Amino acid sequence: GRPIVTDLLSCGEPDLPTHALPPFRCCPPAPASDAPATNFTFPDAGEPLRTRRPAHGATGGTDDSVARYARAVALMKALPESDPRSFYQQANIHCAYCAAAYRQAGRPELPVQIHYSWLFFPFHRAYLYFFERVAARLLGDPGFAVPFWSWDVPEGMRVPPEFADVSSPLYDPMRNPEHAPPRVVDLDFSYVEKNCTDEQQIQLNLRIMYKQMVTNAPLPSLFHGQPYRAGDRGMPGAGTVELSPHNIIHRWSGDLSRANHENMGAYYSSARDPIFYPHHANSDRLWEVWRGVGGGHADFTDPDWLDSSFLFYDEDARLVRVTVRDMLDVGRLRYTYAEVGLPWLSARP
Ligand code: C2O
C-alpha cells in the first residue's frame, strides 16, 4: 500500500451538510511565499515541558490553566481571519480534514478523511500540538499547555464551569442548554436524557471507560481504528475510544435544536467551540494511557500508518509537513499530562 499524504493544492470545496452555517469554505490560506512545506522537526530538548492539566482542577489554587487558555482563545479570535494562527483558521483545519475539502493526491474523487480509521489519534495529536504552540506564542508563555476535559474521571464529568460563563471567550452559544454544568455527562448519550442519579450516571460512565480502554481494545486496530491507505474510500472503521466516549461527547455537547447539532455535534463545525481542544486533549491523553494499561499496548508498525502525513501552520505561520511517525513520543514533543487517576480501571463490568 501507500500512505495518505495531504497536499495543499488538492484542497477545494468541502462537502457540507444541508443548512450548514458559514464559513462555507475551509481550506487554509496559501503560504506567504512559494516555499514548499518544511518537514517537521522536534522542538528543542531544552524547551520547557508543557504539562496539560485537568480543566476541573483549574478553578482557584495555583493552577490557572483554564484562565490562560481563555486568554489564548481571545488572542486567537482577535487575529485577522487571513492569519493561519487565528481561531477562525484553526477551527477551519478540522473542517478541511473532515468534510472532504482535501482530496487524495491524484484521486480527486477520494477525500482525505481522518475519522473512523487509524489516522484519528495521530491527526488530532498533531492538530493540538500546533494549536497549543500558537497559543503559547500569542500568550508569550512558552510553558502554556491546553487543559484537558477529564470526562473519564468523576470530578471531570461536567462541562468545566468557565466554558458556561457567557462573558468568557470559552463560551459557545451553540451547545445543548440541558447539558450546562452541573449536569453530569452521559458517555452513553443517544439523544434521550437518562432518568438516573448523578451517582448512577458516574458509575455507568466508569464502566464504559473500562470497556472501551481495556475489554474491547486489546489490539491497535481495535483501539486506533482500521487501516486506511492511499486509494481507499475512507472511514474503514473507528477505534473504541473514537466511537465512545469521543463521538458521544460531541453528540452530548452540540445543540440539538440546530440543523446539524452545531457546533460540537458536526464534523465541519465542532472545532469552532473552544471546548473542542480540551476535549481532544483528553482523547489524546487516553492514547497515552492505553499504551500503559492492561500490561501495555503497542501502536501499529505499518509504514503506511507511520508515513501518513498532514500539513499545519506552526506558531511562526510556516507550513510544516508532519508524519504519524513524528507524533509517537510526547516527551520529544515536549508535553505531558498531569495525573488524575484511572478510577475506571476498577470498574470492570
Ligand atoms: Cu476530529 Cu473530536 O473530532
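Analyst: Helices here are DSSP runs of H or I with at least four residues, strands are runs of E with at least two, and both are numbered from the N terminus. The model is predicted, so local features need pLDDT of at least 70 and side-chain atom pairs count only at pLDDT 80 or more, while totals for chains, interfaces and linings use all residues. Residue numbers start from 1 along each chain as its sequence is written.

User: Where is M235 found?

Analyst: M235 sits in the loop between α5 (220-223) and α6 (240-253). Its phi is near 55 degrees, a positive value in a residue other than glycine.

User: What makes M235 partly exposed?

Analyst: A residue is buried with 20 or more other C-beta atoms within 10 Å of its own, exposed with 12 or fewer, and partly exposed in between, with C-beta atoms placed from the backbone. M235 has 15 other C-beta atoms within 10 Å, so it is partly exposed.

User: Why is Y191 called exposed?

Analyst: Y191 has 8 C-beta neighbours inside 10 Å, and therefore counts as exposed. Y191 belongs to the loop between α3 and α4, and its phi, near 75 degrees, is positive although the residue is not glycine.

User: How do you know that the bond from P22 to P23 is cis?

Analyst: Omega of the P22 to P23 bond is near 0 degrees. P23 lies in the segment before β1 (38-39).

User: What is omega for the cis bond from P181 to P182?

Analyst: That omega is near 10 degrees. P182 lies in the loop between α3 (120-139) and α4 (198-215).
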